[in-house]
Amino acid sequence: MDIIFVTYRNYLFSLSRLLQKFGCRIFYIRIEESSKAKKEFWVEKLKNNDILPLPIESLPHISETLEGYSDPQMKIIEISREYAPKEFISCFLKLFPNNSDIAKKLEIVIHWSIARKMRAVTSLVNIWAREHKDKIHLLIDIRLSGILTPGLLPNVKLLVIPLDIIENIIKKVFRVIHNIKNIKSVNKVNENQKNKKPTEIESSKIAFIMDSDGPLPYSDDKESELHRENILHLYYRFFPGSSEKIKWGSVWNPIQILDPKTIYHALIPIRHGILHVRSIKQIIGLFIIAFFYTRFRFFLQQLERYPCLKAAFIKNDIYSPKALLIALEAKGIKTVALQYRFDLSNNYLVGSTILTYYLCASQFVADIMQDSPIYCIEKYVPVGLYRSDKLFLAKGSPPPAVLKVPVEKGYHVITALGWTVPLNWYESQSDYKLNQTAHKHFLEDMYRLSVDIPDVFIIIRYVSNDWMALPLFTEIIAKIMASEKMTISTDYDNKFANYDLCAHSELVITNKHDRIANDCLSVGIPVLFHNYSHNTKGLVWNVYASSKVMCNNYSELLDRTRIVLSGVSNEMTQDYNYLKNVVLGGLGDGKVKERVNKFIGDLLS
């Protein structure tokens, strides 16, 4: 029997050793420790005792990967309705005032809880179980949320032992002791805030809601409310560190979570729903809604600090707390988000969101999302892909210096985009899409392509170059750097160097469905997706499943690269025109930012 721990903690070591004595193999999906040093200590100790991360990277072949990425048959939404049927959800509608279609929004909340388990746990364990059909696999989750794990194969048995509850109680006791001396000062600050006049921050009409620093649709006009130094930045996870000039606030205060009202608020939905429970799953659904309601009330309280807000621009709409999004609507604050990731609009698994306005890539995208049960958006506004404007600017500039010689020699320039490489072997092992071996395979295919097509120059561009120090890549890096027809881009001073390279390439090849690939397609730059790995059999991603831009083996990649570089109208032309003008709406015209700023300006006027 295989024992697979979802989360491994050091106190499980003795149990693991005991189970090994009975002939069990022990694996884990992730390991948690308080510091990197402790984690690496335990990783090595476990390795020395044959307790390993689930070695999906090392499997000779993988027959199915899509269930961790998409759900076109809507299986997860059907599962989520077992926890909260429509008639059960109707018990809670009055608890969320000033919210339209709250029943659908609560259904999305339940779906999100289950879909995350599908992606992070079920998809990995099922890959392993399919390749070891003759074994029984016991999946052990020490978190109570493990009871939500859906869709496990028949030869996988689930055991949930909620040891995290005891651990969290101990941590909270210590946290209360640590914070108790600060409660008086926090209460005093809150009293002062009630009595003082609105400050420049409190009188802001619009805010960016953020989880971290990053690209946002700022205006270049210093008088505009959307200028970087004028707009309010509200953080819901941690505080900014990138600039002292920005106006920022927070909708998060960990001390207030200890308020006794939290327990009271949790009891309110339980009182509304307890008599309507008809199954064990509905009890679980009730507690999910009760926990969600406490967060909703918490965010309502936090938003009292910003009484003048009319609109909130959500930086990361997919992963922003759904309780915060619903609280913003309850306060009459319009929520707006800009679509950066085309692939999340049609994967039906973890792409759910709740918004007033969605500035989306195209009408095609809007139609897909309107028909989906996991999006609740009042109005779709097709504007195009925001960063595609950068390709227009780059096209009007001279090519990057690294391309000067290849262009002079008349080579066909290909930019090969790689994604983030796991730097630790133990994190790489359980990543079925972008593990270290998969990246090595991608680089080897790019080298092979440079040999098989005589007149190409391929420049490799990764998110960062830290992967180049890993021993696994030493040999292939040496081959690439020794070739006159290849190089690796290391210009990271220019954060948009990848856009400069793509803008001056005849073809872009990518090993991940990244946003820049969609940006390129929207402005007419051909893209091919390296949609396979060293051990995959079948699609890794299915965003453009019916299109020839998805290459599922090297033969397809080679043939289609030749076709694209032929320079004449060909069998790929129709695909690219359809993707540019229909799927991406013909909106890659260099005016996306202009449309976005106009919409927000009209919203505030």
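Predicted model: local features only at pLDDT ≥ 70, side-chain atom pairs only at ≥ 80, totals over all residues.
Which residues does A503 touch, not counting residues up to four places away in sequence? A503 touches L391, A394, K395 and I525, where a contact means heavy atoms within 4.5 Å.

Residues are numbered from 1 along each chain as its sequence is written, and side-chain values use heavy atoms, with hydrogens and water left out.

Returning to A503, this residue is found in helix α16, residues 497-503, and helices here are DSSP runs of H or I with at least four residues, strands being runs of E with at least two, both numbered from the N terminus. A503 counts as buried at 10% relative accessibility, where buried means under 20% relative accessible area, exposed means over 50%, and partly exposed lies in between, using a 1.4 Å probe and protein chains only. Between A503 and P400 there are 103 residues of separation in sequence, yet their C-alpha atoms are 9.8 Å apart in space.

Now to the protein as a whole. The secondary structure comes to 20 helices and 18 strands, and of the 605 residues, 55% count as buried. If we take the contacts between residues at least 6 apart in sequence, 68% of them join residues at least 24 apart. The protein exposes about 27400 Å², of which carbon and sulfur atoms supply 55%; these accessible areas come from the Shrake-Rupley method with a 1.4 Å probe, and for residues only the protein chains shown count as cover.

Leaving aside neighbours within four places in sequence, F96 is in contact with I102, L106, F292, Y293, F296 and I326.

Not counting residues up to four places away in sequence, Q436 touches a list of residues including E57, W425, L470 and F473. L472 is also touched by Q436, and the C-alpha atoms of these two residues, 36 residues apart along the chain, are separated by 7.8 Å.

Next, the charged pairs. Side chains of opposite charge can pair when their charged atoms come close. A search of the whole structure finds 13 salt bridges, each being a side-chain nitrogen of Lys or Arg within 4 Å of a carboxyl oxygen of Asp or Glu. In one of them, the side chains of K281 and E82 meet at 2.6 Å, N to O. This pair links distant parts of the chain, with K281 in helix α8, residues 280-303, and E82 in helix α3, residues 75-83, the two being 199 residues apart. K281 counts as partly exposed at 32% relative accessibility, and E82 is partly exposed at 40%.

A second example is K331 with E304, whose closest N and O atoms are 2.7 Å apart. Here K331 sits in the loop between α9 and β10, while E304 sits in the loop between α8 and β9, 27 residues apart.

By contrast, where do K598 and D602 lie? Both are in helix α20, residues 592-604, and they are 4 residues apart, about one turn of the helix. Finally, E78, R81 and E107 are linked in a network of salt bridges.

I will close with the cysteines. With a disulfide taken as a pair of cysteine sulfur atoms within 2.5 Å, the count comes to 0 disulfides. C360 is buried, with a relative accessible area of 0%, and C376 also counts as buried, at 9%.
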